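Please read the following report alongside the sequence and the coordinates.

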Amino acid sequence: MSLQHIQQGLAEVGYVADDRLAMALHLAQLLGRPLLLEGPAGVGKTEVAKALAAQRAARLIRLQCYEGLDASHAIYEWNYQRQLLAIRASEAQGGTREAQLFTDDYLLKRPLLEAISEEEPPVLLIDEIDRADEEFEAYLLEILSDFQITIPELGTIKARSRPIVILTANGTRDLSDALRRRCLYSFLDYPSRETEMAILKARMPEVEGLLARQIVGVVQALRKEDLEKTPGIAEMLDWAAALSGLGVNDMAQSREEVQATLVCLLKTAADYDAAPPEVTDRLIGKVA
Amino acid sequence: MQVTRFPARASGLSERMSAFIAHLRMNGLRVGPAETGDALAALAAVEATDVRQAQQALCVLLAGDADDWRRFDDLFEAYWFNTGKQRTGTAQTAHVRVQSAKPMIWQQESQDAQKTETGTDQAAAPDTGDGEALGRDGKLIATRTANLSRRDLRELMDEDALRQAEQAATAIARAIRDRRSRRRKQALRGPALDMRRIQRASLARGGEPMDLYRRARPPRPLRIVALCDVSGSMTVYSRVFLAFLKGLIGSGTEADAYLFHTRLMRVTDALRDHDTLRAAGRLSLMAEGFGGGTDISGSLERFLNGYGARALNGRTIVLILSDGYCSESPEALADALARIRRKARRIVWLNPLKGWKNYQPIAAAMQAAEPYLDAHLPANTLDALAALEPKFRKL
């Protein structure tokens with residue numbers, strides 16, 4: 001599959017990828033290496049994995065990381081209750097064999113093990129890896145470099161097919177060099193005006209013309225303001241949906257709606273206070 | 001940016017690629033021989049004759065973090081097209097190496113040498129022009145008041161003084177490292193008994209408290225982010241302050257160090273380098289334009305937009321070492337400090353001028369900054385540096 005194919009395929013499922021990102025995905029599939037995506041919140045890092053899965057018609061397996069995530073939640077766990085029941089049952093019938101207790105039947109597969117035991121290569125999304133503890137990164141290393149998992153009772157399980165692994169991070173904590181070295185890297189930034197127009201067009205074709213230009217223009221201008229939480233692409237799409245839902249065609253004509261729907265973009269009280277009607281008027285004025 | 005010349009003798013692609021990897025490594029990317037192989041494989045997978053594709057592929061493969069990502073294009077062009085910032089002759093490059101190998105890299109002479117170098121290299125330092133004049137202005141003030149304080153830091157430039165500065169920094173770092181939470185949490189070992197858990201567990205033993213559980217206050221160390229001014233007016237203090245930064249970084253406390261004049265550079269890795277020769281080399285490369293003008297607000301702004309998100313949190317003390325002579329407007333500085341204030345726990349300004357007799361913060365920038373500071377402390381003598389420790393203990 002060539003570079004253009006990937007870009008086109010992603011565009012078909014509604015994801016606008018720039019050249020670098022397309023190259024990163026191309027190489028990730030060719031070299032079988034995981035891809036680490038970094039960037040501010042709301043630029044579509046998670047969406048990449050979803051779009052890629054949709055484009056390849058592959059299964060998306062998602063592992064959401066959080067502080068305190070451990071191997072039993074991410075890789076595998078033994079089903080103790082079932083094992084106990086099995087012991088009781090076989091005791092009643094007389095005689096149990098320990099070896100039977102540690103088989104696939106009693107193994108609860110968590111996302112990582114699930115991803116490597118699929119026949120068709122799935123897309124494995126490890127979301128917000130920087131929220132997990134540093135120890136957890138160490139678990140990941142074996143999986144990401146060799147695509148195998150060692151379970152002491154069963155031995156090493158090799159991947160049936162190589163999943164396409166996408167990791168996302170947004171800088172809560174510095175990732176270890178070992179993890180970075182195993183991954184391809186791509187930094188996603190806020191999109192340019194043209195890209196954002198393309199995204200809006202791909203996602204919400206019903207919003208067009210003047211309103212689309214105004215939405216993108218105001219959001220782009222807001223990103224340059226000193227805000228606590230810069231609005232991302234998801235917020236922009238929410239806002240567009242809100243405005244078109246309210247039947248707004250031209251922002252300059254319906255200021256009240258614009259001001260009321262700003263809650264879609266500005267997510268803290270301080271930011272909301274920083275954008276009184278005069279400021280929004282100025283921003284809209286700039287676009288027109 | 002350090003530039004390797006394109007090896008004219010290199011025979012094939014693989015040799016050139018390994019030289020490219022070495023070039024990246026010298027510029028601080030963490031790449032090794034394994035990456036050389038990967039890079040060749042990646043090039044085989046794309047249309048390597050298309051420069052754009054090759055560049056994108058290598059960037060995706062070799063960059064490790066956002067910083068590498070932004071610098072990669074320049075590094076790529078510098079190597080494959082010989083368009084980087086190059087020093088004019090090999091003789092001069094060797095001269096720089098020798099200079100940086102000496103421990104006293106921040107002395108006046110080397111600075112002059114550097115100035116002539118940046119003169120030949122327009123692209124490297126586009127902003128020395130107006131900054132320089134302001135820097136001289138600052139220096140002028142510094143010289144005029146030269147005799148006010150006898151044991152000022154700029155007279156104590158020997159090895160001993162540097163070591164003392166480093167020790168003072170280590171003491172400060174220690175003082176804020178050993179912080180504990182106010183609340184007690186379960187712990188394997190600890191001074192207090194966890195009566196609740198003991199009682200609960202004793203139920204299983206028929207009410208006998210056999211298992212003793214303990215509680216302790218978990219450590220909540222503070223982090224330090226130090227931003228050190230190395231502009232013209234601060235030249236005389238720079239070496240001592242660098243030693244001070246080195247002490248902070250090497251103390252085992254989580255610390256992050258930056259140098260700024262008209263630009264901002266992260267020097268944590270360079271200061272942490274155990275190979276002192278290489279560290280000195282890296283620092284001297286970063287300090288291009290060192291001793292020029294100051295743009296404090298611009299540098300803080302860049303810090304906030306770039307590293308700030310990761311470097312600052314509710315347990316961070318921001319330490320600014322500067323004299324407050326700034327070429328930009330005081331309002332911008334106040335804005336930048338207000339933004340830092342929102343994200344960090346404390347802001348401490350160490351000012352070498354403050355220890356002088358009759359010092360008043362009359363510089364407009366300092367006046368604008370004062371309301372945002374938790375402490376504005378003198379740092380003109382080693383004693384003053386050493387005396388900082390108890391103050392930090394209280395922060």
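Is the crossing of H10(A) and H11(A) left-handed or right-handed? In this predicted model, the crossing of these two helices, H10(A) and H11(A), is right-handed. Helix H10, residues 193-203 of chain A, packs against helix H11, residues 209-224 of chain A, at an angle of about 130°, and their axes lie 10 Å apart. An angle of 65 to 115 degrees would count as roughly perpendicular and one over 145 as roughly antiparallel, and H10(A) and H11(A) are therefore oblique to each other. On the side of H10(A), the residues that take part are Arg193(A), Glu196(A), Met197(A) and Leu200(A), which meet Ala212(A), Ile215(A), Val216(A) and Gln220(A) of H11(A). By class, the residues of this contact between H10(A) and H11(A) comprise five nonpolar, one polar and two charged.

Chain A as a whole contains 15 helices and nine strands, and 33% of its 288 residues count as buried.

Turning to the two chains, 17 residues of chain A are in contact with 18 residues of chain B. On the side of chain B that touches chain A, each of the helices tabulated here supplies at least two residues.

| Helix of chain B | Residues |
|---|---|
| H2(B) | 33-45 |
| H3(B) | 51-62 |
| H4(B) | 66-80 |
| H13(B) | 296-311 |

H3(B) gives the largest share of that side, six residues, and the side of chain B that touches chain A has, by class, 11 nonpolar, three polar and four charged residues.

How values were computed. Residues are numbered from 1 along each chain as its sequence is written. Chains are lettered from A and ligands numbered from 1 in the order in which they are written. This is a predicted model: local features need pLDDT of at least 70, side-chain atom pairs count only at pLDDT 80 or more; totals for chains, interfaces and linings use all residues. Axes are lines fitted to C-alpha atoms, for helices over the stretch in contact, and angles run from 0 to 180 degrees between N-to-C directions. Helices (H or I, at least four residues) and strands (E, at least two) are DSSP runs, numbered from the N terminus. Angles under 35 degrees count as roughly parallel, over 145 as roughly antiparallel, 65 to 115 as roughly perpendicular and the rest as oblique. A crossing is left-handed if the near helix is turned anticlockwise from the far one by less than a right angle, and right-handed if clockwise. Two residues are in contact if their C-beta atoms, placed from the backbone, lie within 7 Å. Ala, Val, Leu, Ile, Met, Phe, Trp, Tyr, Cys and Pro count as nonpolar, Asp, Glu, Lys and Arg as charged, and the others, Gly among them, as polar. A residue is buried if 20 or more other C-beta atoms lie within 10 Å of its own, exposed if 12 or fewer, and partly exposed in between; C-beta atoms are placed from the backbone.
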